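Have a look at the structure first, then read on.

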Amino acid sequence: MPVNRRTALRGGAIAAASVALTASAGTAFAASAPGAPGEAASAFATIVKAYRELQTGINRPSPERAEALANLGRVAKAYNAGMSVTGGPLWTDLPFGPGSDYTTSMYARLRAIAVDWGTPGGTLSGDPVVLDRIKRALDLLYTHQYNENTAELGNWYTYEIGIPYYLLHTLSVVADKLDAAELARYLKPVLRFVGDPNRRANNQGIVETGANRADKSLIAIVSGAMLGDTARIHKGLDALVDVEGNGAASVVAKLDRAAGDGFHTDGSFIQHDSIPYPGHYGIVLLTALAGTIHVTQGTEFALPESLRQRIFALVADSFAPFVYAGALMEPVRGRMLSRQGETGHDIGHQLTVAVVLLARSATGTVRAELGGLAAKWIKEGTYAPFLKIPDPERFAPGPDLVAIPGIEFAQELLATRVRPTPIVAEHRIFGQQDRMVHVTEGWSASLGVASTRISRYESVNSMNLHGWYTGDGVLYTFLPNAKGHYTDAYWPTVDPLLLPGTTAKTGPTGPLGQVPLTKNAHTGGVRWDARHGAYALDFVSADGTLTAKKSWFFTPAGVVCLGAGITDASGERVRTVVENRGVGSGVLLVDGRPSRAALGETSTVDNPRWLHLADVGGYVLLGDARLTTLREDRTGTWRDVDTGANTKGTTVPYTRRYQKLVIEHGVKPSDARYAYVVLPTASRIATAASVWSWRVRANTASVQAIRLWDNTLLANFFAAGSVDEVTASGPASIALGRRDGRWRLAVSDPTQLQESVTVTVRRRKVVVPLKGTFGATKVVPL
């Protein structure tokens, strides 16, 4: 079932190199001030015109544009028909009055009308009656809902970013139909709420960071151009690299530490201090930066080349690793995974069009690289085709470049016959945000984990209401024949208490936190090469009663999953979830025989050796286990997982079928264990043939390890211990093998607390310094 797209609205210390960039950027911005009134007027007009392009496009004809425009016209026409401009509320279901619950929607609807009016070929295009109604609506909204005397009630974001963006979208379309006094009047509240893009208007002690800072910078630049205010434009530009704060909150800073808002030296991106957010806030930030480059290009306010290049480089470093088939992976989407209007594909479309826009302003190899990534995501995104927008209401929020401009810019790029970037195997660990990604030519995987640094989940503003276990070791697998798996009503319908890869108990979950951390620091792993790596989690449940040592060993064929030390005193049943996946009618084989369990019926199997799930892959059990299987239909609504004022899901019920495979550890287990292999996309024959291929060398509460086919050892030490020829002095993730004819040792510190780890290999001691590596892999030739 194809989906549409929408980008939902959103919400430290800095490396020395960034401070240098800040100083040079500040100088460049200051030096670029227009020298004459004529130049200034030209630059102002260029910025406003370019910003209008981001709403109405460039009038590049195509069947896809025509279809999207017709759908926009349908919605805009309905909004216009239902809008009253006689003095009361514009729409009867959105009453005038204080607070933020309805104001955003008012401006969003008016923006849809204005964009359709201003887009060549639109249903309302150029209609003088519609223009008059837009003007009168602007006046009513200013008088009754949003002006310089409005009090912030509810979500601060509405007043300081959300509404200003919608207002600027609308004003950019009709700017040449308003006189200077009208523009100045409607922009008065913007000057109040975004007077200083460096700080929060409702609390001047809060310094803006990340996406919020980038948004406010662009708002300042565009509103400054509309007002003919050179100083305001410079204030917006300077805020990007935080000239006022000497670079401390620069949006392109590379933090060299774990956690903390912004980009990090290992490619991580975090917002709200402890939430990995390349899959939302990072893209919001990148979108604002792409818009800033676009509107200032060719003017005296254009960004310095050094800053532009740093922005371009963010795409491959922080975002591309987490894109599969045009969608962002779940572990980097935070609470946004619960938003009906922002699935992984929706935000993937936003990333794609931001990269298209960046490529449009780049040159040479950089342009080819950016264009190649965008072309790859468009080509692979067959579940949610990028060039189709059957529901334009999903493109509404933010500085949205999707919709018609996105289609036009993308087709302009594709017409150059840019070569899509090929899929290349990669195993990458982002220690500063406790995330990893494993890419093969056939499938990909990632983990949802937590630590004392990174939260289990985020649940704020009444969102992500089933997020309890999303940071407890969820193994996400992304398959080529199921590109819409996590998009197709997954979160409203999946059993949130039995997520794949987790070890959990029955009974109540306890209350949701906002951004809860765990009690254990040990979360991380080691990279051996592009196709292999290990990851470890010292797990403790939110209530502290259930503990386990968990490891995942990644290979080109599959993921070896080991667990030990599973102990719980609560009296509830404890289980480890091998799989819980949306399926169709595909057959489940258990040791080669079809499962006879009826739909909705639980079946128990003692000590199976292998299982195969049609159209999904295989599973190999590496030790004795009591396994329960259940195929069930589950029904839920998006309102079950998101009741936020401006994001709440619908009450429409969705029913999806799932296959559960669960290892039972019983009640009050003590040092229970599991060992199994997940083989994504494997055939029945390949699964059965691999039963004896996996070599587990240790599975205890101290060390878990496997041997690869070439004798490489992958091991996770939770404490000092030994396995085969390797001894570690303390917690560590270790890989040992031969490369280019010589032995090589790879080591990381998943706790991120140790000065060093001593590794003894064949009676040779190697002291590996790890202070300040923040979970990164260090390679030592032997």
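There are 41 salt bridges in this structure. Keep in mind that we're working with a predicted model, though the mean pLDDT of the protein chain comes out at 93.

**Salt bridges**

- Glu408 and Arg65 pair up through their side chains, with an N to O distance of 2.5 Å. That pair links distant parts of the chain: Glu408 sits in helix α15 (residues 403–414) and Arg65 in helix α3 (residues 63–81), 343 residues apart. Both Glu408 and Arg65 are buried.
- Asp488 bridges to Arg656, and their closest N and O atoms are 2.8 Å apart. Asp488 is in the loop between β12 (474–478) and α16 (490–493), while Arg656 belongs to strand β25 (residues 654–667), so this bridge ties together parts that are 168 residues apart in sequence. Asp488 counts as partly exposed because its relative accessibility is 22%.
- Lys771 and Glu755 form another salt bridge, this one at 4.0 Å, N to O. Here the partners are 16 residues apart and both lie in loops: Lys771 between β35 (764–769) and β36 (778–781), Glu755 between β33 (742–748) and β34 (756–761). Lys771 is exposed, at 63% relative accessible area, and Glu755 is exposed too, at 52%.

**Helix α10**

- What happens at the start of α10? A side-chain oxygen of Asp229 comes to within 3.1 Å of the backbone nitrogen of Ala231 there.
- Along the helix itself (residues 230–240), the buried residues include Arg232, Ile233 and His234, and also Gly236, Leu237, Ala239 and Leu240.
- Just past the end of α10, Asp242 has a positive phi of about 55 degrees.

**Confidence**

- Across the protein chain, 94% of residues reach a pLDDT of 70 or more.
- Where does pLDDT stay under 50? One such stretch is residues 1–34, which still have 118 contacts beyond four places in sequence in the model.
- Another is residues 395–399, where the model has 25 contacts beyond four places in sequence.

Definitions and conventions. Residues are numbered from 1 along each chain as its sequence is written. This is a predicted model: local features need pLDDT of at least 70, side-chain atom pairs count only at pLDDT 80 or more; totals for chains, interfaces and linings use all residues. Side-chain values use heavy atoms; hydrogens and water are left out. Helices (H or I, at least four residues) and strands (E, at least two) are DSSP runs, numbered from the N terminus. Buried means under 20% relative accessible area, exposed over 50%, partly exposed in between (1.4 Å probe, protein chains only). pLDDT is the predictor's confidence in each residue, from 0 to 100. Contact means heavy atoms within 4.5 Å. A polar contact is a pair of N or O atoms within 3.5 Å; within protein, one must be able to donate a hydrogen and the other to accept it, and residues adjacent in sequence count only if both atoms are side-chain atoms.
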